[in-house]
Structure formats: C-alpha cells, structure tokens
Amino acid sequence: MGALQGLASAALAFLTPEPVFLSHPEGGFATFGPQHLCMLAIMAALSVVLLRAFRRLPAGWGRGTARHRFLVTVAAVPLALLGSRDSILIARGLMTPNFWPLHICNICEFLNLALAVSENRHIARVAYPWGMVGGIGALLLPGWTYCPVWSYASVGGFVEHALMVVCCLCMVGGGLYRPRLRHLWEPTVAAVTGGLLFRILNPVLGTNFFFVTQPVAAPFVWGVRRFGDPGFLVIYLLVALALWCAFDGMGLLLRGTLVRPAEVGDEQNLSASA
C-alpha cells in the first residue's frame, strides 16, 4: 500500500501543472546548465532515431503512403502533449489566457499537422521557416526554465519542440518541400499579420503572444533601448528574416538527404508546380 501511495505521489508531482512552478521557480533549471544539456542530448538522440526511421520508409508522398502516415503521426504528437497539459490546467482551474495555445510555437504545431494532412505548399512555406526558428529557438532558450527539468511540463515542452523540428526536416530531407527565397514573402506576411493582431489583443488579454508586447531575448531588449517600442519590432522582423533565409539555405542543402539514393528520382515535392 505504501509503495502504491508513493507511486501515486510521484505521478502527481510529475504532472504538476506549469503555473504552480511559475509561482515557485526555485526548483527550475539553468539555461545551458547540466540538466538542460542532458535534455538537449536526449532530444537530439530522439530526433536522430525518428529521422533514421523516416529515411527507411518506402519512397513516395500522398495520402495513405508510409511517409504521409509518419509525418501525420509526428505532427500530431506535439498537439496531443499540448492538449494533455491544457486539460490538466483546466481540471485544476489554472487555465489563464497566458496558457492558451496561441503562442507562435503552438501555431507552428497546428501548421505542421495541417501540412502533414494536406501536403499543401503554401502551408509548407510558412510551417518550415517558422517551425525551424521556433523549434530550435525554444530548445536552446526554453521559456519554462522555472519548471523542474524532469517534470511533465518541461519534458513535454522539449519533446514538442524537438518533434516540430523533426517535421520540418522530414519536409525538406524527404523531398516533399523545396525552400525558395522568393517565397519568403508568405511567412513574412503571416508574421506581420499575426504580430499586428496580437499587438492589439495582448494588452487586453494580459499576454505576450508572438512576443510583440514584451521582448524576451537580448537582441530585442537592446532593440527597445535603441529604437523604443514599437521600434524594436523592426529588429524582431529583420532577425526573423535573416534566420528564415539561413534555414531556407540549409533546407536546400538537406533536400533529399532522407531519401535513399535509388529513390531520389521518384520523389515529388510541393514546389514542383510553384
């Protein structure tokens, strides 16, 4: 009986919702500290295993193919994790606007699933650059460092963002999507539209969706001091554009790397008719 009670207590502690840790951050972890680096190594290993499994799948895209099912599954898991954590918040009466699934990485997760299901090139043009920047950025600079690193809130956050990056790499490495710089206007228009929308809504909701109300990284804090508010948003957009260009270039280098050499000629991509 005592063992069962101990197990139940450990499970409840593991499932402690994020807002509880936010009010008691002393149990968190340091960015690039030993615990963070350990988790990054685990996420890197998970990503390699998934990408190797993807590479072994038969060639071809389209509804019902092995690669289509793989991408849908990998894209659905982050949303399942997000939904489970939000369900805990709702059950505990802790859901507030700050935890609504409207953060830019949440939007990326929805985009990845929409892309996986539809294989639509316009969705890919937004999902790939947003997902690479958002996923890698959150893994390197997690916004949940006030949580214990082995809590569900933290582990779920790391897995979500690692799978977001895996989805993006499957898009380009599997030959489904070819990034092109001339298409960067699409994620740019989407970002400006979302930024303007949340610039209006954030003060009403008391949130910081899309990070357009309060800068959260050193370059943007410097931007506020140098250019004021909303001038820092120009720096924000320029940094985003530079990173999108870099990841588009990386995507071109990686294109076809997750396709077995004998199958390269059989692959289709979403930009073929663009």
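Guide: Gladly! Let us begin with a term: helices here are DSSP runs of H or I with at least four residues, numbered from the N terminus. This is a predicted model.

Visitor: Where is Glu119 placed?

Guide: Glu119 sits in the loop between helix 5 (104-118) and helix 6. Its phi is positive, about 55°, although Glu119 is not a glycine.

Visitor: Why is Glu119 called buried?

Guide: Buried means under 20% relative accessible area. Glu119 has 13% relative accessibility, so Glu119 counts as buried.

Visitor: What makes Phe211 count as partly exposed?

Guide: Partly exposed is the range between the buried cut-off of 20% and the exposed cut-off of 50%. Phe211 has 31% relative accessibility, and therefore counts as partly exposed. Phe211 lies in the loop between helix 8 (185-205) and helix 9, and its phi is also a positive value, near 55°, in a residue other than glycine.

Visitor: How many disulfides does the structure hold?

Guide: The structure holds 0 disulfides.

Visitor: How do you know that Cys108 is too far from the closest cysteine sulfur for a bond?

Guide: A disulfide needs two cysteine sulfur atoms within 2.5 Å. The closest cysteine sulfur to that of Cys108 is in Cys105, 5.5 Å away, so this is too far for a bond. Cys108 counts as buried because its relative accessibility is 0%. Cys245, in turn, has a relative accessible area of 35%, so Cys245 is partly exposed.

Visitor: What is the division of the lining of the second largest pocket into nonpolar, polar and charged residues?

Guide: That lining has 9 nonpolar residues, 1 polar and no charged. Among the lining residues are Leu40, Met43, Ser47, Ile136 and Val165.

Visitor: Which element has the lowest mean pLDDT, and which the highest?

Guide: Helix 9 (residues 218-227) has the lowest, 68, and helix 3 has the highest, 97. The protein as a whole has a mean pLDDT of 88, and 89% of its residues reach 70 or more.

Visitor: Why does a low value call for care?

Guide: Where pLDDT is low, the predicted coordinates should not be read in detail.

Notes. Residues are numbered from 1 along each chain as its sequence is written. This is a predicted model: local features need pLDDT of at least 70, side-chain atom pairs count only at pLDDT 80 or more; totals for chains, interfaces and linings use all residues. Side-chain values use heavy atoms; hydrogens and water are left out. On a 1 Å grid over the protein atoms alone, a cavity is a set of points where a 1.4 Å probe fits but cannot get out, and a pocket is an open set with protein on both sides within 12 Å along at least five of seven lines; lining residues have an atom within 4 Å of a point. Ala, Val, Leu, Ile, Met, Phe, Trp, Tyr, Cys and Pro count as nonpolar, Asp, Glu, Lys and Arg as charged, and the others, Gly among them, as polar. pLDDT is the predictor's confidence in each residue, from 0 to 100. Helices (H or I, at least four residues) and strands (E, at least two) are DSSP runs, numbered from the N terminus. Buried means under 20% relative accessible area, exposed over 50%, partly exposed in between (1.4 Å probe, protein chains only).
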